[in-house]
Amino acid sequence: MAVTIKSAREIDLMREAGRLLGIVHEELGKAIHPGMSTKDIDKLGEELIRSFGCTPNFLHYQGYPASICVSVNDEVVHGIPHADHILKEGDIVSLDAGLIYKGYHSDAARTHKVGTVSPEAEQLILVTKQSFFEGIKNAKAGNHLYDISNAIDAYVTSYGYGIVTALVGHGIGTKLHEEPQIPNFAQRRKGVRLQPGMTLAIEPMINMGTAEVEWLDDDWTVVTADGAYSAHYENTILITDGEPEILTLPL
């Protein structure tokens, strides 16, 4: 398994790719409201990405037909935006997006509340986000990759939630998906030793109920097997000589 180590020049390009994607997510989060269609979100997201002179890296990736993955309630990931899929009060919506800046990819996801949501849904969103931060406490040079996975698992299982095992995080750089694969669930092995210059997309996908998922007939949309809500939180990070650097936050 060859994990790419980025040069200083490449890291600078990935920082900018990440910063711009962070702005896209911030703007999309502000725009979400009841009555908005998932297609509206996709259209706005693509416009924002292209306004920065960047390319949406999800559009046409392995045939995916949109720029933003918009997944509502029991949809875990890869929801396809539709004009007739209207957000309503109490929904939760996960947005997974990425862009290419001068040949370098960024990838990040956020789960948003639509209006006022139930306390249970709010807790799911908060725990999913915090699980990312619990994981990256271990994202330090000299540690092993699965130290991240084990920390996410330990935190999430304490709440009784299901951790999706059918999908994992990944390395990222000149390709959207590079080595290594990064599980969000406990591993018996250690995984690769982390080194400065590695760039990783860490993305817990957490279900309120069972960890089991199914694919809809569109061959893209992943849903929870029991119909319970699911949340998703992801950032592209850089392994450094010290604390990990989160690249996909707006500065």
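**Figure 1. Strands S7 and S9 pair in a predicted model.** Strand S7 (residues 169-171) and strand S9 (residues 199-202) run antiparallel and are joined by two bridges. Strands here are DSSP runs of E with at least two residues, helices are DSSP runs of H or I with at least four residues, and both are numbered from the N terminus. Two strands count as paired if DSSP finds at least two bridges between them. Gly171 has Leu200 in S9 as its bridge partner. Both strands belong to an open sheet of five strands with antiparallel pairing, in the order S8-S7-S9-S14-S15. At its edges are strand S8 (178-182) and strand S15 (245-246), each of which pairs on one side only. Helix H4 (residues 145-157) lies across S8 and S9 and runs at about 35 degrees to S8. For such angles, axes are lines fitted to C-alpha atoms, for helices over the stretch in contact, and the angle between N-to-C directions runs from 0 to 180 degrees. Contact means heavy atoms within 4.5 Å.

This is a predicted model, in which local features need pLDDT of at least 70 and side-chain atom pairs count only at pLDDT 80 or more, while totals for chains, interfaces and linings use all residues. Residues are numbered from 1 along each chain as its sequence is written, and side-chain values use heavy atoms, with hydrogens and water left out.

**Figure 2. Three strands form an open sheet in the order S6-S10-S13.** The pairing is antiparallel. Strand S6 (162-163) and strand S13 (230-232) stand at the edges with a single partner strand each, so one side of each has no neighbour in the sheet. Strand S10 (residues 205-207) pairs with S13 over three bridges. Ile206 has Ala231 in S13 as its bridge partner. Helix H3 (residues 119-136) packs on this sheet and touches S10 and S13, its direction making about 35 degrees with that of S13.

**Figure 3. Strands S4 and S5 form a hairpin.** The two strands run antiparallel and are joined by 10 bridges. The bridge partner of Ala97 in S5 is Ala108. Two residues lie between the strands, and Lys102 takes a positive phi near 50 degrees. Nine of the 10 residues of S5 are buried, where buried means under 20% relative accessible area, exposed over 50%, and partly exposed in between (1.4 Å probe, protein chains only).

**Figure 4. His112 lies in strand S5.** With a relative accessible area of 16%, His112 is buried. Its contacts, apart from neighbours within four places in sequence, are Gly29, Ile32, Asp91, Ile92, Val93, Leu95 and Ile125.

**Figure 5. The largest nonpolar core has 36 residues.** A nonpolar core is a set of buried Ala, Val, Leu, Ile, Met, Phe, Trp, Tyr and Cys residues joined through side-chain atoms within 4.5 Å. Ile41, Val93, Leu95 and Leu99 have the most contacts inside this core. Helix H1 (8-31), helix H2 (38-51), strand S2 (68-72), strand S4 (92-101) and strand S5 (104-113) each give two or more residues to the core. H1 supplies the largest share, eight residues. Leaving aside neighbours within four places in sequence, Leu95 touches residues including His25, Leu28, Ile41 and His112. A second, separate core of 30 residues includes Leu124, Ile136, Ile148 and Tyr155.
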